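The stops below are given in the order in which to select them.

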Amino acid sequence: MTSEIAVKMTGIVKKFPGVVANDHVNLEIMAGEVHALLGENGAGKSTLSNILTGLYRQDAGMIEIGGKKVEFNSPRDALNAGIGMVHQHFRLVSTFTVAENVVLGESDSSLFMDHKAVAARVQELSDRYGLAVDPSARIWQLSVGEQQRVEILKVLYRGARILILDEPTAVLTPIETTELFKTLRVMVSEGRVVIFISHKLDEVMAVSDRVTVLRGGRTVGTVNTRETSTTDLASLMVGRSVEFNRVVRQTPAHREKTVLDVRDLCAADDRGRVALESVSLSVSPGEIVGIAGVAGNGQRELAEVISGMRPMTSGSITVDGESIQSGRARSAIAKGIAHVPEDRLHTGLASNHSVEDNFALKNYRAMSRFRILQRQKIRDQSTHLIEHYDIKTPGSDTPVRLLSGGNVQKVLLAREFSASPKVLIAASPTRGLDVGAIETVRERLVQAADSGVGVLLISEDLDEILSLADRILVMYEGRIVAEVEAAQADRARIGLTMGGITA
Amino acid sequence: MRSLVRLERRLEQPKWLNWVVPLASLVAALILGALVLWITGKNPFDVYQRIFERGFAGKRAFSGALEMATPLAFTGLCAAVAFRMGLVNIGGEGQFYMGAVGASYVGISLGGSPTGITIILMCLGGMVFGSVYAAIVGVLRARFNTNEIITSLMMNYLAAIFLNYLIFNSKSFWRDPDSPQFPKGKTLNARADWNTYSIFGVNLPIAFLIAILAGSVVWVLYKRTRFGFEVGVLADSPKAARYAGIRTTSTIVIVMALSGALAGLGGAADVGNFRGLLDAKGIQMAGYGYTGIVVAALARRNPLVTVVVAIFIGGLTKAGYALQGPDFPSGLVGTLQGLILFTAVAGEILIKYRVRTTPRHSEVVA
Amino acid sequence: MNSNIFIIVIASAIFYGTPLFFAALGGIFTERSGVLNLGVEGTMLIGGVMGAWTCLHVGGSAWFTITASILMGALAGGLVSTLLAFLCITLKTNQTVAGLSITIFAGTVGLSSYLANIWKVSKQPVPRPIRNLDVFGLSDTPIVGPILFHQTALTYVSWVLAILATIYLFHTRIGLQLRAVGESPQTADAMGINVVKYRYIHTIFGGMLAGVGGVFYSLAIVPLWVDGMTKGAGWIAIALVIFGFWRPSLALLGAYLFGALQSLGSTLKARNVQISGDLLDALPFFMTIVVLVLVSSRFAHRKLGAPAALGVPYEREER
């Protein structure tokens, strides 16, 4: 490792309406290192990297690359300076082939593409870095892991010396994660720089040479990975010491009874392809059943079918022995199914509507007489829930989209819990929240289970499932491929089954 | 170098913007219109002054504005009701024709009934015809996801052809058999003529009162009822609506039917209150359906404001007809209306975004 | 032989389909970049009136006058769609309403009519209409003569354009980047492609083609200016873009199909075939609805190649 400074960002300030995303952030990265950028959601990691890739322009501050001051006015400038980014949400054109995606935006003046040369070049790169992918395949045909490889290839193809990876492991199985880390190591051994953005402490410890921690838009400090520990990093990240423990349950589940029963469920996804293949599962009152799996293996469809948002092609769903009509959300709501969807702002809530209207989103029919809304009732319900669930909002009539992420989730949870459901489907309920909010949400889920609600917790965060669930099911390609009691769960084993390997 | 001016999404929309921006749009449109006039060799002040005199100033002019405002209020409501849900119904024109067909059928058939009943039944006839015609578009949209903009527009052309067929190319029930050389519609029975009240010398057509009533009903419907709540959620996020168990398909059809019913009511007013017969040429020339879109956009989809804006656009249109001649070409008023629509659309952005200037060069702040 | 009704129908289908194709091809470029142009009808009318005006006022040889008229139509169409581009791309307004406002502003009772009236273009027969050519003296050749060798120069230009557009869209680098802009502007932006520039250029170019389509009406089909003479052709062109699955070749076929529907009335009437004129007039509009219903289920839409970001203003996500 040389001591040459590859990237230096000084005093970076970026303001967005209502927030200062980066507040005089400093970052210094050496050539040939994997440098982790650690911080909670909203700490300013993504903003900082978007500035470095020319997508945003800083309000103040200076960027130096290889000792030279640079001004980026567009992503093209950053690319030309050798900076490439692998975004968390892939920037790929799904109808294009791998090769077409790779050459996109290449500053080559030739009118036509040399398809053969491109394919050969892609092949060469993928061999060298262990990024196996077929150059002529179309993106939509690829798995999420493969798509990420295309993203990395794209950046390498453009000759990037500095690679930024934004939460790259979120979509990978544990095995794919290990492979990715190997690839990153090969890259830095060639003198490239990898900036690894994450909020997962274990991974940061495993892959990085140095870590810069951001909190609330400011730099908290930079440490050598070898000289630190997960607990130290955690307290730097959050600003106080935190301990992640398995949550203690007050009341055990009534395992002899079944509240939610799903039998041989089949359903299609938005493109009409099979998303669920005879899925069967049951949840007992007071039990938390965790569904583990890599994103895109049918979890979203499962949640939608159970909550009546998506029709089933065959199978049955019953709550307390009463069956739910296929694709009828109203029927599911009436039978006592509460649903906390993954996409909170646009599915779980009508984000331009007020807090009180969102509380009434499911029970507005009961809040009316002769089909006229009873505004006072809606207002009263809102006042009660805001207080009871400790929701921070300027008012009952404030649009939900103006609330912070944690409070948005609280509005959603408050509505769903207050309907006294029998079953709760929670899909990635803590994604994107800060530590404090995550704790609150987890506590609420456990409270619900303690009060006898059957909880189906769908999450890509295996640790969350391990710490909350009583029983764990693993989904892979639309099927349930494994079932274990949480007490006997083996992290590595589950990781394997998530990747489709059944031991 | 990145542009110096950028748009930044507003976190909160101050209430005063809701009326300041439309007014500012109007002023901007008048300035742009003046530019067009000046470039084409007309004196903008002169033209505007004449429009004002003939469109608004004085009892006679204002009576004319109200007369023209009546159909526009209905077609404006038609567009606004659909816009509120994110549906673009530009079929108000065709639905208006169909409403006129339905209402004139009722008006011609009911010879001896008392006036009040005739008016009510004519309104119903217009509404039924208009709403069924619009519901076709709604069903296609709801069932097959067919773009309602193009289908509703195609239906306008079909309605126009149908109208011509009824009056010019057939011996239909609507055509006056006593005038074979100059084809025209049958004149309605005298009892089917709607009242026009005179208040301080200004003629107030009863249909304009019906328009105010319709605007109020729509306002209550959208603001206070369960149905309105459902429409609001659907407009905000179709996914959230599905999540909450709101029936998307039937709501789309109902909103389209409602929208068409309002246009149809306008057609009934045209026949009953103003022309007294199904005037195939006249109502096509008027193009109320398209102008209604301008009215709704300027009123920012608010049903009550729509009725008010209709008076303004009505006066403008009336003045256009009255002044038409060699030095006041047709097309001028249409151009002005188009400009108003432009600036109203652009003004919408000022309500949503704030215009910010960014410093050209960012200095290091230590 | 050459008076065989089918041959006449095909030949006139190509004639009447030519302006539809110009407008539809323009729509393909615009929509491929992710901008929905509902102002085609108004754009065509402005092109038509400016073309007619030029034809009335510019002297010189027939070729010169006609070329100047076509260029003027294109220029006018380009200007009008610059306005649309500004509204949709820079101001990020609702694209449907922006397009509609173009059509109302420029349309039948708007600017096109105003200009025609003040410049006295209205109902003045143009001195040098666009005529059908006799290519290589082959226009009398049986069957293929009237179809292939007796069309207007613009028709031949449109055939060349169809080929060039296909190559451009699907085989060149710029075409690839254009499609990326329409499919996923985020991706294109991150890859250093200037989304705004691509959208502006293709929206304006699309408007220019629509303007040429308008000139075809006032110089070839009628040939004089009448207010609102395109009678919905712009809207049919928008439907043709969908019908042609955003591909120039299929749009060409579609345009000729609708050209046939439009010309059927006059062709049959000239041959004394007894059929209701109203029914024939209604046919293109009715067929447009039928075709739209057939291709517009959400699933089919994506499969057929609708640009994924069509109609969605692009803004870099601000958190």
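Predicted model: local features only at pLDDT ≥ 70, side-chain atom pairs only at ≥ 80, totals over all residues.

Residues are numbered from 1 along each chain as its sequence is written, with chains lettered from A and ligands numbered from 1 in the order in which they are written.

**Stop 1: a helix in chain C.** Select residues 173-183 of chain C, helix α8. Helices (H or I, at least four residues) and strands (E, at least two) are DSSP runs, numbered from the N terminus. Eight of the 11 residues of α8(C) are buried, so the helix is largely enclosed by the rest of the structure. Buried means that 20 or more other C-beta atoms, placed from the backbone, lie within 10 Å of the residue's own. Among the buried residues are L176(C), R179(C) and E183(C). Now show what they pack against: α3 (98-103) of chain A, and α1 (5-32), α7 (153-171), α9 (185-190) and α10 (195-221) of chain C.

**Stop 2: the largest nonpolar core.** A nonpolar core is a set of buried Ala, Val, Leu, Ile, Met, Phe, Trp, Tyr and Cys residues joined through C-beta atoms within 7 Å. Of the 368 residues in the largest one, V423(A), V455(A), L457(A), A24(C) and L240(C) touch the most other members. Helix α3 (residues 59-83) of chain B gives the largest share of this core, 15 residues.

**Stop 3: chains A and B.** Select the contact (C-beta atoms, placed from the backbone, within 7 Å), which takes 35 residues from chain A and 25 from chain B. On the chain B side, α8(B) gives the most, with six residues.

Conventions
Buried ≥ 20, exposed ≤ 12 C-beta atoms within 10 Å, placed from the backbone. Contact = placed C-beta atoms within 7 Å.
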